[in-house]
Every structure is written in structure tokens, then in C-alpha cells.
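Here are my notebook entries from an afternoon with this one.

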Amino acid sequence: MTATANAPRIEFRDVTKRFANPHSTARQGNGFVVAVEGVSLSIADGEVVSLIGPSGCGKSTLLNMGSGLDPVSAGEVHVDGELVTKPNRHVAFMLQKDLLLPWRTIVENVELGQEIQGVSSRERRTLALELLAKCRLTDFVDHYPHQLSGGMRQRAALARTLAVDPSVLLMDEPFSALDAQTKMVLQQDLGRTLADTGKTALFITHDLVEAVALSDRILVMSQRPGRIIEEIDVDIGDRDNPMKRRQHPKVGDYVVRLMNLLHVDQAAA
Amino acid sequence: MSGASRSLRQPGLRGMVVGSALLFVAFLAAWQWLPTLCGIPPFIIPSVSLVWQEFLHMLTHDRLVFHTAITAMQVGVGFILGVMLGIVCGFALGMSPSAEFVLSPYILALQIAPKVAFAPLFIIWFGYTVYPKILVCILIVFFPVMINVLGAVRALDPDIVRLAKSFTANRLQVFWKIEFPAAMPPLFAGLRIAATLAVIGVLVGELVGGNIGLGYLLAFGEGEGNTAMVFVVIILLTLIGIVLYSIVAFAERRVLHYLPSRARLPT
């Protein structure tokens, strides 16, 4: 999928993020840590882009700025052509933690976003049940989160993210806490759902195969201060079928290239 | 018997109920006859029948129902006001770390100070009325509630709040949809402690001064050397405490029904 003449769904323009360094003292001079420096990226409608990089390189920081939860120190973030200054309805995020509320049933959890946004109870219940059916959780709508397995909980979290009908999904290692097989099943669910709904997604992961299996494009970030050092187009078909894509012979080449960019071999030496 | 243990140990339940009843009968029997057998005089430990007779006597001659009602009323009012104050302060301090930092030495000092020591002070201020007793009760109930709510607000995963904010939740929505329900389990743990303390607060107030309430009857019984009367009052105070504790436990079961049964305290 190539970026068309359409305006990008989400765009980072020369974004920098500095944090006050809690460990610095007056003697050490400037008390700032630069987490992300001069990042520009643009994601077209319907595109799925993965972001990989060493731990602590500011990937999550980028995501927080994209969702409007954290302000940028310099630069601009635009979603659907609008400047992002605060949380907005265009973006929804999903984390490694499912963040399901233990006092709400699964269907009530899925409704949380719409409830906050003032959607009528009948309307949000209909949509929530529909999404839960797609996530194969129909039998568990009235269960509480603790009664579900980790994979099911993360599927419910995906349904909750989709329920607010965001233009852009921001995902921060959503499957990293799951076992290998559950993970593949959820990748399949996500790949299919993203293809069906035509959603745009920015996907952070440490799993190189996952990045190759799910995305149209992979952005590689450097050590802190995080910069984008490489952009790789994943030129394999079947983006809607990660399970099949994984088995493609070219996957290995992409993974090797990513390993070299991240200097994985040096870390092991 | 809690619902949890009932569902977990269904087969042995009958046996446990019978065992529990037998133990109670054995306890009453021991109370009735053991002191006499051991040569303990009734003014040290009156037998259960003597205590029962004293109870009936107090009902007709000492306005026992009135005094019990007064104490129960003070416990109820003090408990409710103390809990409400504790909840409000717990949330307020939990949401404002700077306020907690500034106030923490005073909170700690007040928490460590034996609350019952304030009873004489309140009596000086408000006289032999119900107010000093209710005030001691509020003070003693306040802390476990406030500390638990404060801790709950602090322990809340900030990512949950960020999730709500990413859905464009405003401050009020974050409170009612996230912070308030998240504080319920620790709040109820605090309420259980507070329920047992509430009776102590009122009782100390009554012992220090006044001529109404079970505390007054307790001091009166002591003055007369009427051990049976002291026993009656102790039992009634315990009953008031049990009623309050049961109400809390009942409410907890309704509110925290979503918790896995192993995470709930047996009642």
C-alpha cells in the first residue's frame, strides 16, 4: 500500500521531547534529558506502521505525544489535519497492560470510551456487543476481567479501543505480555481487523517478526535521544493475514536487516 | 459463615454448623457452672443465668432500651459523619500530593495521638451532651477511612487515568468512573476497622461524663459493684458493634461483588 495524494492521518513534524532530569543536580548543569529529537514521520490513511528501537529510545514518548497526553517540547503533531494539543477523539491508544477496570464487566469496559464521550447507552451497547462478537468474546460479555485469560483480556482491550471509532490507533507493545501462541492469534485478529476497518495504526514493538508480519512500513529508532534512522517498506503481500505472512521466505531477510540496524549481535557479544 | 467459604467447602458445612452450635452450648454451660465449681464468687464472674436476670431487671428498672438506643444512635451518627469526612479528606489529599506533603506531620501526629484522650476536652467544650461522644467517634473513625482512601488514590495505576483522559474524559469523569470505584476495596477494608472502633469512641465519651448511654450504665454498675450489670453492658456494646460490622460487611458484598471470592474477606 503506497501513500496516496490523501493527506496523512497522523503526522509528526520535527518533534522533540525533553524531560526535566530528576537525577540532575545544579552542579551538573542543564537538567534535561532529550528523549526524542527531531522526529518527522507521516502515516497515510489505512497504513500500518511499526516503530522499533532499543529500550528507552523514546518510542512510548512519541506515542504519548501522538495521543495528546504529553505536550511536545518542539515541533508539531497533526492528526486528521488538526494540530494535537490535548487528547482528542481521532486517536485511541492501547498498551501492553489491558487496563480493564475490574469493577466493570467486559461489555461495560468496552463501552468506557463511548460513555465518556456521551454516546447513548443503547447505541454504545449495540456497538460494543458487535465488536466483542468480532473479537470472539460473545460468551464473555457479562464476565469480569479477572475471569478471562490474558489473551481474551487483550482482545477486549482492542474492542474498547475500536469502540470509539478512532482514525488512528496508537499501540504500545500490546501483545508483549502474552505467550507466543496467543500472541500469534492476536496478531492475526489485529491484522484482519485493521484490514477490515481500514484503520491507520502506529504500532510499537520489540518483536521484529511481529513488526514484519503486521506492517506496511517499519521505522527504526536510534538510542536516546531517539531519532528515526531507517525506514523500511515491507514488500510482502497478505498484510491482512499475518499468520500467512510470517511464513513468507522474505521475512527472514527483513528480520536480519532489522537486527543489524539495532546492533542486536553487539548486545549479545 | 461467608458465602465464599460456603461455596468452597460445601461438603463440610453441615458438620461445621453443628460443631459451631455445640461449642456455643458448651460455652454457655461452662459459664453457668464452671465458676461455681472452681469456687469463683458471683461478684467476680456471675453465671450466665444471673446475667440474664440482671438484663431483665435492667430492662424494667434502668431504662436499658433508652440507654442502648442513645449509644447506638451516637455510634451510627459518629460513624457516618466520620466515614464521610474520611472519604472526602482521603480523596482531597490523595489528589493533591503537595497538600499531603504540607499536612502530613499533623496528620501523623493526630493519627498517633490516642483519640480517646480527646474525650475530656470535648466534654469541657460541649458539656454532658451527646456531641462530645459523637465527636470522639468521628475522630476515631476518620483515620482508618482516610488513610485507606488516600492509599487507594495513590496506588491507582496512572495509565488507567491516562486511558480515560485519552478518551477525552474531564476531571469529574476521571473521578466518578475511575478513581472513586477504584478506591472501593481499600475503603471497605477501612470501614471494617472503623466499625469496630466506633463503639470504643462513643463508650469512652460516655465513661468520661454524662448520665445517658451504656457507658453511663457501665460506670454505674462498677460503682455499685454490680458485676452482672457490667457484663450486660459489655454484651450490648458488643452487639452494637456486631450490627454495625455486619451492615458494613453486607454493603461490601453488594458493592465489591466483582472481586474474585478469594480476594474478599470472610465475614
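**Entry 1**

I began with A:Arg9, which is partly exposed at a relative accessible area of 25%; the cut-offs are under 20% for buried, over 50% for exposed and partly exposed in between, with a 1.4 Å probe and protein chains only. A:Arg9 sits in the segment before β1 (10–20) of chain A. Helices (H or I, at least four residues) and strands (E, at least two) are DSSP runs, numbered from the N terminus. I then looked up the separation of A:Arg9 and A:Ser149: they are 140 residues apart along the chain, and their C-alpha atoms are separated by 34 Å.

**Entry 2: ground rules**

I noted that this is a predicted model, in which local features need pLDDT of at least 70 and side-chain atom pairs count only at pLDDT 80 or more, while totals for chains, interfaces and linings use all residues. Residues are numbered from 1 along each chain as its sequence is written, chains are lettered from A and ligands numbered from 1 in the order in which they are written, and side-chain values use heavy atoms, with hydrogens and water left out.

**Entry 3: a second pair in chain A**

Next I checked A:Ile106, found in helix α2 (residues 106–116) of chain A. Is A:Ile106 buried or exposed? A:Ile106 is buried, with a relative accessible area of 0%. A:Ile106 and A:His146 are 40 residues apart in sequence, and I read 9.9 Å between them in space, C-alpha to C-alpha.

**Entry 4: positive phi**

A:Asp80 is not a glycine, yet its phi is positive, near 50°. I placed A:Asp80 in the loop between β4 (74–79) and β5 (82–83) of chain A, and A:Asp80 is partly exposed at a relative accessible area of 26%.

A:Arg136 also has a positive phi, about 55°, without being a glycine. A:Arg136 lies in the loop between α3 (121–134) and α4 (150–163) of chain A and counts as partly exposed at 45% relative accessibility.

**Entry 5: chain B as a whole**

How many helices and strands are there in chain B? I found 12 helices and 0 strands. The C-alpha trace of chain B spans about 75 × 60 × 30 Å along its principal axes. Of the 267 residues in chain B, 43% are buried.

**Entry 6: helices around α10 of chain B**

Two packed helices are described by the angle between their axes and the distance between the axes. The axes are lines fitted to C-alpha atoms, for helices over the stretch in contact, and angles run from 0 to 180 degrees between N-to-C directions.

I took helix α7 (residues 131–155) and helix α10 (residues 184–208) of chain B to start: their axes come within 7 Å and cross at roughly 165°. That makes α7(B) roughly antiparallel to α10(B); angles under 35 degrees count as roughly parallel, over 145 as roughly antiparallel, 65 to 115 as roughly perpendicular and the rest as oblique. The crossing of α7(B) and α10(B) is right-handed, a crossing being left-handed if the near helix is turned anticlockwise from the far one by less than a right angle, and right-handed if clockwise.

I then turned to helix α4 (residues 64–95) of chain B, whose axis comes within 9 Å of that of α10(B) and crosses at roughly 135°. That makes α4(B) oblique to α10(B). The crossing of α4(B) and α10(B) is right-handed.

**Entry 7: aromatic rings**

I searched the whole structure and got 15 aromatic pairs over all chains. Rings of Phe, Tyr and Trp (its six-membered ring) pair if their centres lie within 6.5 Å; planes under 30 degrees apart count as stacked, over 60 as edge-to-face and the rest as tilted. B:Phe27 and B:Trp31 have ring centres 6.1 Å apart and planes at 45°, so the pair is tilted. Both B:Phe27 and B:Trp31 lie in helix α2 (residues 13–37) of chain B, 4 residues apart, about one turn of the helix. B:Trp31 is buried, with a relative accessible area of 15%.

I also noted one aromatic cluster formed by B:Phe91, B:Phe175, B:Trp176 and B:Phe180.
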